Amino acid sequence: MIKAIVFDFDGVLADSEPLHLRAYQEVLAALGVTLTRDAYYAHYLGYDDEGVFTTVAAAQGFELDAQRLDALITEKGRVFDGIIESGDLLYPGAVSCVERMAAAFPLGIASGALRHEIEAILRGGRLNHYFRFIVASGDTPESKPAADPYRRAVELHAVAPSECLAIEDSRWGIESAKAAGLSCVAITNTYPRDQLALADRVIGSLDELTPAFAEALS
């Protein structure tokens, strides 16, 4: 029986992936590195900031020590913060989805985004009080696609993994949830249905996610 829900954030509740890409592009351009949209969505989406920069550095063949990595992460955060101040980033239907799911289940978030970014967007949508916890970038030893973020979410919900349902938008997130023992529903906000086949169910919009839908997965 499903007793708790864990939402991914970027690409599920918030339409912020294009904004993360813009921020990465601006920071990497200063290093002479071009990050295309296709490359980002094919190889880097789903990683946290550290994962993106270290993976890009390995692919491009440039050195990235701890100090330089920290500086890149800080600069990307500064750029992204400036972007999100421009307005509402939540997907249509996100507010009503969170409200109806919170009426039936405790909710949490497991995301590769920075905590202050998540909190700022939730406050803007007046959704912050619906979530019991946020597992954000840096809160676990490994980030998605490793199982750590969802294992931590299960601990915070204090339920068995089989009693917890993850809502994801990428194969990295699905792999993380399934590795932690959760059921997973994927939404086609970011990738087409055929790239989300590892999920237990695939939906086309948040309007399809209801308590009855979640309970039917039990």
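**The largest cavity and its surroundings**

Mentor: Happy to! The largest share of the lining of the largest cavity comes from α1, which gives three residues. Elements are DSSP runs numbered from the N terminus, with helices (H or I) of at least four residues and strands (E) of at least two. Please keep in mind that this is a predicted model, where local features need pLDDT of at least 70, side-chain atom pairs count only at pLDDT 80 or more, and totals for chains, interfaces and linings use all residues. Residues are numbered from 1 along each chain as its sequence is written, and side-chain values use heavy atoms, leaving out hydrogens and water.

Let's begin with the space itself. The whole structure holds two cavities of 30 Å³ or more, a cavity being points on a 1 Å grid where a 1.4 Å probe fits but cannot get out, with lining residues having an atom within 4 Å of a point. The volume of the largest cavity is about 180 Å³, counted as the space filled by probe spheres on points joined across faces, edges and corners. Its lining has 22 residues, and those nearest the centre are Asp10, Glu17, Gly46, Tyr47 and Gly112. Both α1 and α8 (171–179) supply at least two residues of this lining. By class, seven of the lining residues are nonpolar, six polar and nine charged (Ala, Val, Leu, Ile, Met, Phe, Trp, Tyr, Cys and Pro are nonpolar; Asp, Glu, Lys and Arg charged; the others, Gly among them, polar).

Glu17 leads us on to the packing of α1. Helix α1 (residues 17–29) packs on helix α2 (residues 37–44) at an angle of about 110°, their axes 11 Å apart (lines fitted to C-alpha atoms over the stretch in contact, with angles from 0 to 180 degrees between N-to-C directions). The two helices, α1 and α2, are therefore roughly perpendicular (65 to 115 degrees; under 35 is roughly parallel, over 145 roughly antiparallel, the rest oblique). From α1, the residues Glu17, Pro18, His20, Leu21, Tyr24 and Gln25 meet Arg37, Tyr40 and Tyr41 of α2 (contact means heavy atoms within 4.5 Å). This contact of α1 with α2 has five nonpolar, two polar and two charged residues.

Now turn to another partner of α1. Helix α4 (residues 66–84) packs against α1 at about 130°, with 9 Å between the axes, and α1 and α4 are therefore oblique to each other. On the α1 side the contact uses Leu19, His20, Arg22, Ala23, Tyr24, Glu26 and Val27, and on the α4 side Leu72, Glu75, Lys76, Arg78, Val79, Phe80 and Ile83. The classes in this contact of α1 with α4 are eight nonpolar, one polar and five charged. His20 and Tyr24 of α1 take part in the contact with α2 and in the one with α4.

Lining the second largest cavity are Asp48, Ser111, Gly112, Ala136, Ser137, Gly138, Asp139, Thr140, Ser143, Lys144 and Pro149. Two of its lining residues are nonpolar, six polar and three charged. Lys144 has a further feature: its peptide bond to Pro145 is cis, with omega near 15°. Pro145 sits in the loop between β3 (131–135) and α7 (148–157). Most peptide bonds are trans.

To put the two cavities together: about 180 Å³ of space lies in the largest, where Glu17 and Gly112 are among the residues nearest the centre.

How values were computed:
On a 1 Å grid over the protein atoms alone, a cavity is a set of points where a 1.4 Å probe fits but cannot get out, and a pocket is an open set with protein on both sides within 12 Å along at least five of seven lines; lining residues have an atom within 4 Å of a point.
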